Amino acid sequence: THNRPEKAIPALQTSIQWDPSAVPARISLAKALRQTGRRSEALEVLKPAERADPKDPSIHYLMGQIYRETGNTALADQEFATFRLLQKKITTPVGQ
């Protein structure tokens with residue numbers, strides 16, 4: 001999707017229609033939409049992914065990027081803080 005995101009969008013949309021809970025497909029679609037300037041659509045695609053897998057740091061990072069790009073720094077900061085917290089939990093050994 002990096003070279004031709006507009007070509008990937010229809011296939012990813014179809015994938016989500018078949019399986020609305022497919023978090024990886026939602027992330028890929030959101031990235032493609034963002035790359036084509038369709039940021040509000042990207043956020044709408046990501047919100048169900050965040051509800052389905054709230055502990056996935058990549059979702060929060062991508063949402064933070066989109067919020068920052070649309071000038072919503074408060075929500076961007078919130079998403080980046082969540083991302084950092086989740087990343088810390090992933091990298092902190094059990095028992096610490």
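## Basis of the model

The model is predicted, so local features need pLDDT of at least 70 and side-chain atom pairs count only at pLDDT 80 or more, while totals for chains, interfaces and linings use all residues. Residues are numbered from 1 along each chain as its sequence is written, and side-chain values use heavy atoms, with hydrogens and water left out.

## The chain as a whole

The protein chain holds five helices and zero strands, where helices are DSSP runs of H or I with at least four residues, strands are runs of E with at least two, and both are numbered from the N terminus. Read along the sequence, the pattern is α-α-α-α-α. Taken along the principal axes, the C-alpha atoms fill a box of roughly 45 × 30 × 25 Å.

Of the 96 residues in the protein chain, 35% count as buried, a term that stands for under 20% relative accessible area, found with a 1.4 Å probe and protein chains only. The protein chain exposes about 6,000 Å², of which carbon and sulfur atoms supply 52%; accessible areas come from the Shrake-Rupley method with a 1.4 Å probe. Among contacts between residues at least 6 apart in sequence, 41% join residues at least 24 apart, contact meaning heavy atoms within 4.5 Å.

## Helices α1 and α2

Helix α1 (residues 5-18) packs against α2 at an angle of about 150°, with the axes 9 Å apart; axes are lines fitted to C-alpha atoms, for helices over the stretch in contact, and angles run from 0 to 180 degrees between N-to-C directions. This makes α1 roughly antiparallel to α2, the word used for angles over 145 degrees. The crossing of α1 past α2 is left-handed, which is to say that the near helix is turned anticlockwise from the far one by less than a right angle.

On the α1 side the contact is made by P5, I9, L12, Q13, S15 and I16, and on the α2 side by A25, R26, S28, L29, A32, L33 and Q35. These residues divide into eight nonpolar, four polar and one charged, where Ala, Val, Leu, Ile, Met, Phe, Trp, Tyr, Cys and Pro count as nonpolar, Asp, Glu, Lys and Arg as charged, and the others, Gly among them, as polar.

The contact involves residues of α2 including V23, I27 and A30, and residues of α3 including E41, V45 and P48; by class it has 11 nonpolar, no polar and four charged residues.

The axes of helix α3 (residues 39-52) and helix α4 (residues 57-69) come within 10 Å and cross at roughly 155°, which makes α3 roughly antiparallel to α4. This crossing, too, is left-handed. Among the residues making the contact are L43, L46 and K47 of α3 and H60, M63 and Y67 of α4, and the contact divides into nine nonpolar, one polar and four charged residues.

## Residue G64

G64 lies in helix α4 and, at 0% relative accessibility, counts as buried. Leaving aside neighbours within four places in sequence, G64 is in contact with A76, E79 and F80. The C-alpha atoms of G64 and K31, which are 33 residues apart along the chain, are separated by 12 Å.

Conventions:
Angles under 35 degrees count as roughly parallel, over 145 as roughly antiparallel, 65 to 115 as roughly perpendicular and the rest as oblique. Buried means under 20% relative accessible area, exposed over 50%, partly exposed in between (1.4 Å probe, protein chains only).
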